[in-house]
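Trainee: I am new to this one. Can we go through the labels and check what stands behind each?

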Amino acid sequence: MKKIAIALTALIVLFSISACAQEPLSQTTEPSVSMDCPTPSIETIVRTIKDQNFETLAAFDADGRLLLEITDHDPQKVTMTAEQIAQFREQGGALIIHNHPSGNSFSGQDLYTEAMRGTQRAIVVTRDYLYILSPGWQGWGDPDRLRDAHDKYSVEFERLAETEDWRSTSARNRWVSDQAVAAVASDFGLDYWKIPVKDLFCFHGIQVVTAG
């Protein structure tokens, strides 16, 4: 297993052995930055983009070093150019992080794009949750089939959501999105996690996502 996968397992175990009795870090707390790495840490990026009203993407190698950070200042998309994708691959890119101001999990286009890039781990950051995807032992699978499956499940779960009462449309959309990604992950053998952001900050554990 690649060390990036081992690290996330350690992160999940860390959360399971404590109920987080200590107070979460306040919004004014300075983010931690690795003394071994002068570029912004993963935690710094997550803290910066989780509340933004436009999408931002950051790419890291397997040691957590920032390779690039981009934004189109668009609330619904952020796009890597062909040159940036090539840079990501040539420099040993492993992790892609981007935020969703909507609060939703991965879109069908996200699944397609991550499969095309061959990302080792992908994370969608929202104000409340981190949605994390990794390919299984057989890889991501066909990008077009991933996107089509997501679209199919989105329709199915949207129909189910119509039978329930929701406190808001955004809450319903977040549920539909999360369920659709979980269903796709099950079908394609992908690893999928949903972790509250407050738990990561409480444990100071977000660095472990890509630590060796």
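Trainee: What makes Lys50 count as buried or exposed?

Mentor: Its relative accessibility. This is a predicted model, and in it Lys50 comes to 8%. Buried means under 20%, so Lys50 counts as buried.

Trainee: How do you know that Lys50 forms a salt bridge with Asp51?

Mentor: Take the closest N and O atoms of Lys50 and Asp51: they are 3.2 Å apart. The cut-off is within 4 Å, from a nitrogen of Lys or Arg to a carboxyl oxygen of Asp or Glu. The pair of Lys50 and Asp51 therefore qualifies as a salt bridge.

Trainee: Why is Asp51 called partly exposed?

Mentor: Asp51 has a relative accessible area of 36%.

Trainee: How many salt bridges does the structure hold?

Mentor: It holds 9. Another of them joins the side chains of Glu114 and Arg117, at 2.9 Å from N to O.

Trainee: Where do Glu114 and Arg117 lie?

Mentor: Both are in helix α4, residues 108-117. They sit 3 residues apart, about one turn of the helix.

Trainee: What makes Glu114 and Arg117 buried?

Mentor: Glu114 has a relative accessible area of 2%. Arg117 has 9% relative accessibility. Buried means under 20%, so both count as buried.

Trainee: Why is the contact of Lys194 with Asp178 called a salt bridge?

Mentor: The N to O distance is 3.8 Å. The limit is within 4 Å, so the pair of Lys194 and Asp178 qualifies.

Trainee: What does the pair of Lys194 and Asp178 tie together?

Mentor: Lys194 lies in strand β6 (residues 191-196), and Asp178 in helix α6 (residues 169-188). The pair therefore ties together parts that are 16 residues apart in sequence.

Trainee: Are Lys194 and Asp178 buried or partly exposed?

Mentor: Lys194 is partly exposed, with a relative accessible area of 38%. Asp178, at 12% relative accessibility, counts as buried.

Trainee: Which residues do salt bridges that share partners join into one network?

Mentor: Lys50, Asp51 and Arg127.

Trainee: Now the rings. How many aromatic pairs does a search of the whole structure find?

Mentor: The search finds 4. One of these is formed by Tyr153 and Phe157.

Trainee: What makes the pair of Tyr153 and Phe157 tilted?

Mentor: The centres are 6.4 Å apart and the planes make 35 degrees. Centres must lie within 6.5 Å, and stacked needs planes under 30 degrees, edge-to-face over 60.

Trainee: How do you know that the pair of Trp166 and Trp175 is tilted?

Mentor: The ring centres of Trp166 and Trp175 are 5.5 Å apart, with the planes at 45 degrees, so the pair is tilted. Trp166 is partly exposed at 31%, and Trp175 counts as partly exposed at 27%.

Trainee: Which residues do ring pairs link into a cluster?

Mentor: Tyr153, Phe157, Trp166 and Trp175.

Trainee: What makes you say that the charged end of Lys194 sits over the ring of Tyr129?

Mentor: The charged end of Lys194 is 4.4 Å from the ring centre of Tyr129. The distance limit is within 6 Å, and the charge must also be within 35 degrees of the ring normal. Arg147 lies over the face of Tyr112, at 4.0 Å from the ring centre.

Definitions and conventions
Residues are numbered from 1 along each chain as its sequence is written. This is a predicted model: local features need pLDDT of at least 70, side-chain atom pairs count only at pLDDT 80 or more; totals for chains, interfaces and linings use all residues. Side-chain values use heavy atoms; hydrogens and water are left out. Buried means under 20% relative accessible area, exposed over 50%, partly exposed in between (1.4 Å probe, protein chains only). Helices (H or I, at least four residues) and strands (E, at least two) are DSSP runs, numbered from the N terminus. Rings of Phe, Tyr and Trp (its six-membered ring) pair if their centres lie within 6.5 Å; planes under 30 degrees apart count as stacked, over 60 as edge-to-face and the rest as tilted.
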